[in-house]
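User: Please take a close look at the salt bridges in this model, and at the helix packing that goes with them.

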Amino acid sequence: MILMYNNIGGLYREQSESDLAMAYFSKSLKIRKVVYGESHPKIAELYHNIGVVYYDKGSFENAIDYEKKALTIWKSFYGISYPHVSQCYSFILNSYYYLNRMDLAVAFFNNELANMTTTDNNSSDTAIIYQFLGNAYSYQGDYSMAIDYYQKVLTINKTLYGESSPEVAKIYNT
């Protein structure tokens, strides 16, 4: 039943029926919290789904709040390289963009960088944050800072994956 609420919510979201999607995601979240507790990846999935609905509705502050909740849980279970973490980062970045608050996006990603558990500035996790900082500075129109961060990502990815890897190619396409 929990899965059905989530699936129905997803279908309503795909049909741009935000209120119905939110109702089903909320039902699923309420039940999942009883079954799994407050900090489980299944809860993060619902927070993300609700965040996406808020994003779709243009309620970007709420989208950021829910994406940050999902992000916290997913990072604690899987680390920063988990694909859903990047999805949260994307929604957070784009929400700040639509709020015209790239200063908050830059502050958020700098804080993420400062709170990373690794001290290795050449890790793939660091490259992920640098990529989003580059995007934030680009959206802000600060192209020299964006290039600096993209160069850092490029250097890290070349070291980790080699010159001809897809990870390096993505940076050349940025």
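Analyst: Lys158 is partly exposed, because its relative accessibility is 31%. In this predicted model, Lys158 forms a salt bridge with Glu163, with 3.6 Å between the closest N and O atoms. The total number of salt bridges is 8.

Asp19 counts as exposed because its relative accessibility is 57%. Lys57 has 43%, so it counts as partly exposed.

The other is the pair of Arg32 and Glu45, with 3.0 Å from N to O. Arg32 belongs to helix 2 and Glu45 to helix 3, so parts 13 residues apart in sequence are tied together. Arg32 is buried, because its relative accessibility is 3%. Glu45 reaches 26% and is therefore partly exposed.

Now the packing around these pairs. Helix 2 covers residues 18-36 and helix 3 covers residues 41-57. Their axes come within 9 Å and cross at roughly 160°. The two helices are therefore roughly antiparallel. Their crossing is left-handed. From helix 2, the contact includes Asp19, Met22, Phe25, Leu29, Arg32 and Tyr36. From helix 3, it includes Ile43, Glu45, Leu46, Ile50, Val53 and Lys57. By class, this contact has 11 nonpolar, 4 polar and 6 charged residues.

A network of salt bridges links Arg13, Glu14 and Asp56.

Helix 4 and helix 5 form another packed pair. Helix 4 spans residues 60-78 and helix 5 spans residues 83-98. Their axes come within 9 Å, crossing at roughly 160°. That angle is over 145 degrees, so helix 4 runs roughly antiparallel to helix 5. Helix 4 passes helix 5 in a left-handed crossing. Helix 4 brings residues including Phe60, Ile64, Leu71 and Trp74 to the contact. Helix 5 meets them with residues including Val85, Cys88, Phe91, Ile92 and Tyr96. By class, this contact has 13 nonpolar, 2 polar and 3 charged residues. Among the charged ones are Glu67 and Lys68, both from helix 4.

Conventions
Residues are numbered from 1 along each chain as its sequence is written. This is a predicted model: local features need pLDDT of at least 70, side-chain atom pairs count only at pLDDT 80 or more; totals for chains, interfaces and linings use all residues. Side-chain values use heavy atoms; hydrogens and water are left out. Axes are lines fitted to C-alpha atoms, for helices over the stretch in contact, and angles run from 0 to 180 degrees between N-to-C directions. Helices (H or I, at least four residues) and strands (E, at least two) are DSSP runs, numbered from the N terminus. Angles under 35 degrees count as roughly parallel, over 145 as roughly antiparallel, 65 to 115 as roughly perpendicular and the rest as oblique. A crossing is left-handed if the near helix is turned anticlockwise from the far one by less than a right angle, and right-handed if clockwise. Contact means heavy atoms within 4.5 Å. A salt bridge is a side-chain nitrogen of Lys or Arg within 4 Å of a carboxyl oxygen of Asp or Glu. Buried means under 20% relative accessible area, exposed over 50%, partly exposed in between (1.4 Å probe, protein chains only).
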